[in-house]
Amino acid sequence: MHEFNEPLITAWQLVAGADARLAGIVLLSLRVSLAATLIACVIGMPIGALLAVGRFPGRRTLIVLFNGLMGLPPVVVGLLVYLLLSRAGPLGQFGLLFSPEAMIIAQAILVTPIVAALTRQVVADSWSEYREQLRSLGASRGRAAATLLWDGRFSLSTAALAGFGRAIAEVGAVMIVGGNIDGVTRVMTTTIALETSKGDLPLALALGFILITVVLAINAVAYALRGWAERHWG
Amino acid sequence: MNTWLSIDGLSLTEGGTRIIADVSLTLGAQRTVVLGPNGAGKSTLLRLIHDLLHPSTGVLYWPRPLSQAMVFQRPVMLRTTALTNVIYGLKLKGFKTGEARRRAQESLARVGLEHLALRPARLLSGGEQQRVALARAWALEPELLILDEPTASLDPASSREVERIIGDIAASGARILMTTHNLGQARRIAEDIVFIDRGRIVEQTPVAQFFKLPQTPAAQSFLQEEMP
Amino acid sequence: MISRRLFCSALAACGLLAAAASHAQERFITVSSTTSTEQSGLFGHLLPIFEKASGIKVRVIALGTGQALDMARRGDADVVFVHDKAAEEKFVAEGFGVKRQEVMYNDFIVIGPKTDPAKAAGKDILEGLRRIEAAKAPFVSRGDKSGTHAAELRYWKAAGVDLDKAKGPWYRDTGSGMGPALNTAASMNAYILADRGTWLAFRNRGDLGIVVEGDTKLFNQYGVILVNPAKHPHVKQADGQKFIDWVVSADGQKAIAEYKIGGEQLFFPNARR
């Protein structure tokens with residue numbers, strides 16, 4: 001058991017000591033992954049809703065595609081974004097590589113299919129319930145999609161959380177496009193990878209515990225909010 | 001009688017089953033109730049008329065296009081206030097926010113729910129939700145209101161209240177086309193009864209005559225089974 | 001309706017917060033370097049001194065030498081700071097670098113089980129490798145085109161071992177950085193070629209210890225190169241050159257010599273001025 005005691009103590013000391021560098025790393029992780037999740041929701045939720053409600057050729061293919069892309073390997077996304085943002089790449093002139101913005105882009109690409117696929121599921125369920133009423137009121141499919149997104153906002157928080165969980169836990173993409181630069185693009189997962197490289201396994205594990213705690217706390221708050229909202233709105 | 005809808009040779013086949021079989025019908029009464037046993041195709045007929053379903057064959061001929069609204073057996077409430085649910089329907093018809101809100105408030109008052117206007121709609125009782133659905137439909141001032149068993153899942157007190165509102169809507173001039181399992185309700189509301197069985201129109205009779213002397217054996221046995 | 005507006009503005013606020021936290025543009029250069037300089041802690045010691053003296057922040061991307069040079073070829077770094085002389089000279093010859101300057105050296109060591117089952121201990125790197133191969137003792141290779149990997153392959157060749165023929169289950173090609181490779185070696189109780197700096201800073205040693213050290217052949221030279229602005233016009237030529245000038249200056253060389261772990265000096269400055 002002592003393999004786990006030392007990291008726990010280390011984790012506690014890091015948190016209790018209000019380590020400024022640790023705080024910076026945790027905040028950067030949150031900022032990058034929250035921004036990526038937000039972008040993924042803005043793009044993925046309308047796509048998911050239109051896939052659920054729409055009637056257009058290629059819809060089934062797109063559904064299969066988005067379901068499949070849920071399992072995108074982070075390293076591959078990282079590599080693609082790296083090649084795009086590299087000075088020699090098509091978007092090189094913006095100089096975004098090795099910046100938090102690059103990490104946000106990579107994670108947003110990773111998370112969008114997850115949000116879209118889960119949104120499609122939620123919206124498809126309520127579409128079967130609401131369809132006749134909305135059509136009777138004269139809602140176009142686009143309008144119906146928007147209505148169902150708004151109506152399903154509490155259930156959709158689960159889709160957003162699933163995306164956020166994926167973003168904050170991944171290391172492959174942010175390592176490649178962020179470069180793990182100390183104080184600039186070093187986030188929790190890349191720090192854990194670095195400390196593992198240095199053979200400081202207790203510290204790596206301690207950071208892992210902190211990461212898990214942060215993710216759990218965010219999920220708990222979201223769960224409580226959702227419960228309150230559902231009791232309030234039915 | 002002032003014909004507002006002629007139906008000619010209407011059929012609907014789904015998965016090899018004929019749900020509506022060669023229905024021809026002329027509707028002219030202001031209040032028509034469609035009766036028939038379970039699975040006769042009543043709801044399907046209403047949905048074909050409301051353009052929620054497309055017929056396999058046949059045509060609907062409207063001498064003059066009528067604005068329509070429909071109320072379903074189970075009210076569908078959005079996760080927002082009762083008032084916003086009513087406003088939603090108005091906005092879809094192109095009303096501006098202020099006008100939509102005014103009309104919605106009036107409509108809720110007419111169904112006796114102004115005091116619940118700002119409550120979350122989904123937390124209202126089944127009867128109250130159905131009244132919000134009626135308010136939402138009524139606010140649109142439809143020329144034809146279609147109701148599919150609007151009281152089937154309600155307790156007797158709520159049913160009476162819903163029935164009263166349907167009467168008020170009819171009195172305001174809208175045509176009523178509805179189905180119900182409640183024969184007393186049919187008798188109170190209808191001018192004309194359309195009786196259908198296994199997707200076919202069996203008879204169409206003024207209400208008094210239908211309950212006194214049904215024209216067909218099928219309607220006779222239906223009445224015997226349904227009446228206590 | 002009101003709650004909807006509230007919800008949307010809350011969302012927008014989140015977005016703004018996330019975007020606005022973006023720090024103001026600071027003056028910085030990007031250096032692509034090797035894991036050994038980063039993970040040994042040298043940069044953690046060196047860069048604050050340079051930043052204080054110059055006001056220029058240095059962002060280090062730590063990769064294997066091969067990757068670090070490739071990154072610079074794509075124009076994604078201003079300066080490279082690596083340790084593979086042949087590869088560096090090729091980089092300059094191709095026109096990607098302006099000029100290679102030597103900065104410092106450290107040395108490679110062979111790490112292995114303290115019990116030394118292959119009897120490889122000693123001063124002679126080539127003899128040590130021959131014995132490891134003869135005993136088919138587990139050996140972990142970086143296999144990642146890094147400077148250390150390139151050096152390892154040179155030593156095998158010089159020792160007369162044809163890896164293509166000799167390779168077997170004993171030779172583990174891990175394709176990973178120095179630290180992960182050391183972790184693998186520790187868990188397998190295997191031999192491995194490492195740079196002294198990373199080894200000294202490495203904590204998960206298990207039953208491993210230094211087996212071969214002190215051979216002059218194990219000398220590991222670091223060089224620094226400014227990426228050629230003629231190839232990549234956005235390269236921060238002036239600030240990059242300032243950094244290079246500083247590391248080879250008396251101040252920079254002194255700072256390198258001062259970095260120690262447990263009283264032991266890791267890197268030996270040898271810039272020619």
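This is a short tour of a predicted model, stop by stop, with something to select at each one.

Before you click, residues are numbered from 1 along each chain as its sequence is written, and chains are lettered from A, with ligands numbered from 1, in the order in which they are written. Because the model is predicted, local features need pLDDT of at least 70 and side-chain atom pairs count only at pLDDT 80 or more, while totals for chains, interfaces and linings use all residues; side-chain values use heavy atoms, with hydrogens and water left out.

**Stop 1: chains A and B**

Show these two chains together. Here 19 residues of chain A are in contact with 22 residues of chain B (contact means heavy atoms within 4.5 Å). Between them the two chains bury about 2,000 Å², with 53% of it on carbon and sulfur atoms; buried area is the accessible area (1.4 Å probe) that two parts lose on being put together, summed over both. Now pick out A:Gln133, A:Leu137 and A:Trp233: this trio supplies 32% of the area that chain A buries against chain B, more than any other three residues.

Next, look for charges. The rule finds three salt bridges across this interface, a salt bridge being a side-chain nitrogen of Lys or Arg within 4 Å of a carboxyl oxygen of Asp or Glu. Select B:Arg47 and A:Glu132, whose side chains meet in a salt bridge at 2.5 Å, N to O. Chain A and chain B also have eight residue pairs in polar contact, both residues at pLDDT 80 or more. (A polar contact is a pair of N or O atoms within 3.5 Å; within protein, one must be able to donate a hydrogen and the other to accept it, and residues adjacent in sequence count only if both atoms are side-chain atoms.)

Which elements give two or more residues to the side of chain A that touches chain B? They are α5 (100-136), α6 (141-151), α7 (153-169) and α10 (201-233) of chain A, and α5(A) gives the most, with seven residues. Helices (H or I, at least four residues) and strands (E, at least two) are DSSP runs, numbered from the N terminus.

**Stop 2: a helix under cover in chain B**

Select residues 82-92 of chain B, which are helix α2. Ten of its eleven residues are buried, so this helix is largely enclosed by the rest of the structure (buried means under 20% relative accessible area, exposed over 50%, partly exposed in between, with a 1.4 Å probe and protein chains only). Among the buried ones are B:Tyr88, B:Gly89 and B:Leu92. After α2(B) comes B:Gly94, with a positive phi near 100°.

While you're in chain B, hop to B:Glu149, in the loop between β6 (144-148) and α5 (156-171). Its phi is near 45°, a positive value in a residue other than glycine. B:Glu149 is buried, with a relative accessible area of 10%.

**Stop 3: chains C and A**

Bring in chain C. The contact takes 29 residues from chain C and 30 residues from chain A, and the buried area is about 2,400 Å², of which carbon and sulfur atoms give 58%. Two salt bridges cross this interface; select A:Arg186 and C:Glu38 to see their side chains meet in one, at 2.7 Å, N to O. Eleven residue pairs are in polar contact between chain C and chain A, both residues at pLDDT 80 or more. On the side of chain C that touches chain A, the elements giving two or more residues are α1 (2-20), α2 (35-39), β2 (57-63) and α9 (178-188) of chain C, and α1(C) gives the most, with eight residues.

**Stop 4: A:Asn180**

The side chain of A:Asn180 makes another with that of A:Thr190, at 3.0 Å. Leaving aside neighbours within four places in sequence, the contacts of A:Asn180 include A:Met175, A:Leu194 and C:Val60.

Where does A:Asn180 lie? Look in the loop between α8 (172-178) and α9 (188-197) of chain A. A:Asn180 counts as buried, at 7% relative accessibility, and has a positive phi of about 55° although it is not a glycine.
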